[in-house]
Amino acid sequence: MRTVSARQLLLGFAGVVGLLLVVMLFLYARAAAFHSDELNVLYHVEKFARGDVSRPGRPGLLWLVLTPLMGLNSPVQILVGARVVSWVAVLTTVALVLRLSWPQPAKLEGEPSGRGDSVAPWIPLLCVLLIASSGLFMTHGIELRTDTFTTPLTLGVLVVLWRSPGSLRGLVLAAVLVAV
């Protein structure tokens, strides 16, 4: 008979709690009313789609990314499409948090990798639990707001710069992410 260690139990419990928080966020996304900030974003996107770029709002190029929503057949489809786009942004944020918190192998001989540390395997899970249990993330994470999209873009810049420091390609990709 195989025994289960306290570490395995805690990891399993934390995984279940994290999964429940993500499911709750998804259910909330399906039921939550649209906030005036979200409708303001859609207003700017609709103006941008009609060619009015006199006051694009912020972040300017985000409107370009969201413009295809205006081609949907009905206002209900536009609103549902906006929530789907926001949900993708939330999943991207969680994936990037995981990527940034994942223990890295040693790059130089003799450099500690963190993998032997008893805390290191817990860091990614704890980071996701912290972001998923944040009141601000849970209430605004799935909304079509500027910060819903700037958060994964900022985290993406960090991943790119961290993964390839000093690389011209990495710097160009980071610059593009910042520009969006």
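**Note on an all-helix predicted model**

Six salt bridges are counted in this predicted model, a salt bridge being a side-chain nitrogen of Lys or Arg within 4 Å of a carboxyl oxygen of Asp or Glu. Because the model is predicted, local features need pLDDT of at least 70 and side-chain atom pairs count only at pLDDT 80 or more, whereas totals for chains, interfaces and linings use all residues. Residues are numbered from 1 along each chain as its sequence is written, and side-chain values use heavy atoms, with hydrogens and water left out.

1. **Overall make-up.** The chain has eight helices and zero strands, with helices (H or I, at least four residues) and strands (E, at least two) taken as DSSP runs numbered from the N terminus. Of its 180 residues, 33% count as buried, where buried means under 20% relative accessible area, exposed over 50% and partly exposed in between, with a 1.4 Å probe and protein chains only. The chain exposes about 11,300 Å², of which carbon and sulfur atoms supply 70%; accessible areas come from the Shrake-Rupley method with a 1.4 Å probe, and for residues only the protein chains shown count as cover. Among contacts (heavy atoms within 4.5 Å) between residues at least 6 apart in sequence, 67% join residues at least 24 apart.

2. The side chains of E46 and R50 meet in a salt bridge with an N to O distance of 2.7 Å. E46 counts as partly exposed because its relative accessibility is 29%, while R50, with a relative accessible area of 58%, is exposed. K47 forms a salt bridge with D52, the closest N and O atoms being 3.8 Å apart; here K47 is buried, with a relative accessible area of 6%, and D52 counts as partly exposed at 28% relative accessibility.

3. **A linked set of charges.** R145 and E143 are joined by a salt bridge between their side chains, at 3.1 Å from N to O. Both partners count as buried, R145 at 17% relative accessibility and E143 at 5%. Salt bridges that share partners join D37, E143, R145 and D147 into one network.

4. **E38.** Is E38 buried or exposed? E38 has a relative accessible area of 0%, and therefore counts as buried. This residue has its place in helix α2, residues 36–49, and, residues up to four places away in sequence not being counted, E38 touches A33, R83, I142, E143, L144 and R145.

5. **The largest nonpolar core.** A nonpolar core is a set of buried Ala, Val, Leu, Ile, Met, Phe, Trp, Tyr and Cys residues joined through side-chain atoms within 4.5 Å. The largest one has 14 residues, of which L25, W87, V90, F137 and I142 touch the most other members. Helices α1, α4, α5 (123–132), α6 (135–140) and α7 each supply at least two residues of this core, and its largest share, five residues, comes from α4. Apart from this core lies another, of 12 residues, among them W63, L66, A82 and F149. Returning to V90, its contacts, not counting residues up to four places away in sequence, are L25, F137, G141 and I142.

6. **A82.** A82 is found in helix α4, residues 75–101, and counts as buried because its relative accessibility is 0%. Leaving aside neighbours within four places in sequence, A82 is in contact with F34, L42, L69 and L144. As for L69, A82 lies 13 residues from it in sequence and 7.1 Å from it in space, C-alpha to C-alpha.

7. **Helix α7.** Helix α7 covers residues 146–163 and has 18 residues, reaching 26 Å from its first C-alpha to its last, close to the 26 Å expected at 1.5 Å a residue; the expected span is 1.5 Å times one less than the number of residues. The buried residues in α7 are T146, T148, F149, P152, L153, L155, G156, V157, V159 and V160. An α-helix has 3.6 residues a turn, so residues three or four places apart point the same way.

8. **A nonpolar surface patch.** L19, V23, F26 and L27 form a nonpolar patch on the surface, with about 360 Å² of accessible area together. Patches are made of residues with over 30% relative accessible area and no salt bridge, like charges being joined within 9 Å and nonpolar side chains (Val, Leu, Ile, Met, Phe, Trp, Tyr) within 5 Å. L27 is found in helix α1, residues 6–31, and counts as partly exposed because its relative accessibility is 47%.
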